[in-house]
Amino acid sequence: GEGFSGSIGKALNEYKYIGFILVGSENMQLLEKQGMNYNSYLEREVDTFKKATQYSSFKNIVLGPVSPHISFSEDSIERIFEVTNGNPYFTNLICKEAFKIAHRNRDSFIDIHLINDAIDLIVKSSQKSHFEHFWGDGLADESDARKDRTTDIRRRILVSYSINSKIESCNYPSKSEILKRFKYPEEYVIERYEVENTINEFFVRKIFSENNNSVRIKPLLFENWLCGPGKTLMIEGVSDLEALHREIELEQEFSLKEEELSRLSETLEYQGRNISIVSL
């Protein structure tokens, strides 16, 4: 990354008519590390569409690519906005699935029922990759070990949320209930304040919102996935990480220690000489 950044910034810096648009999400804070490579850059946050002021632009990313060959009912576009909270990535994801269904059915009109079918396909899918940035982004300044730890805490919080949620009865957990049902690992220590700070971080990142003492997740598409098949996938992910920690601990426990290597080197010879230990 540093080499590529250096090529963009220093090698091409003299060409004033060449510019770059760097696109990312929460991980764009990496630019702060590479800032010395660029003369200057303008940071502009492009977030979700606001319904009050940008709904026409939102409709355009739905209708524009397929007009005039495919049309959408007004309530189908409203439904897309409702479950995505105006997020362009998830909007495109739903529209992609809707297009596949419409193409298969040879139907040029997409209504709310077809959109609901597309949403169900995404919610019932076993793909974590669509939602991974909710627990994996914004960790650029941390070491690999710290990233794994933070990601693990985030996933455990999301598991606690899903376990406490009952979508059918519109019953969602409070902040204290998420904290209470948080599953602490046996392999290493997570302090309570770390969990509290990470829950607050979800609010700052606008993934959690609170209404009448109930926590909700935005966008609704992610919440439905998390409280459906995503719950099992997230629990499996946490279990896999615990197994990895156990594997690392066992590897460290049974690895040859330096004093054992020294003792062995004194008893072994190669071509009439004792084998020396070389530190790597």
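D152 and R156 are both located in helix α8, where four residues, about one turn of the helix, separate them. Their side chains meet in a salt bridge, with an N to O distance of 3.0 Å. The model described here is predicted.

- D152 is buried, its relative accessible area being 0%.
- R156 also counts as buried, at 3% relative accessibility.

**The link between helices α8 and α10**
- A salt bridge joins the side chains of E194 and R146, at 3.6 Å from N to O.
- Because E194 belongs to helix α10 (residues 192-204) and R146 to helix α8 (residues 144-164), the pair ties together parts that are 48 residues apart in sequence.
- E194 counts as buried, with 8% relative accessibility, whereas R146 is partly exposed, with a relative accessible area of 38%.
- R146, R149 and E194 are linked in a network of salt bridges.

**The pair within helix α10**
- R192 and E196 form a salt bridge whose closest N and O atoms are 3.2 Å apart.
- Both residues lie in helix α10, four residues apart, which is about one turn of the helix.
- E196 counts as partly exposed, at 30% relative accessibility.

**Helix α3**
- Helix α3 spans residues 51-63 and bends by about 30° at S57.
- Y55, F58 and V62 are buried in α3.
- The elements that cover the buried residues of α3 include β1 (71-72), α4 (74-84) and α5 (88-105).

Methods:
Residues numbered from 1 in each chain as written. Predicted model: local features only at pLDDT ≥ 70, side-chain atom pairs only at ≥ 80, totals over all residues. Heavy atoms only, no water. Bend = angle between axes of the 7 residues up to and from the residue. Helix = DSSP H or I, 4+ residues; strand = E, 2+ residues; numbered from the N terminus. Buried < 20%, exposed > 50% of the residue type's maximum accessible area, 1.4 Å probe, protein only. Contact = heavy atoms within 4.5 Å. Salt bridge = Lys/Arg side-chain N within 4 Å of Asp/Glu carboxyl O.
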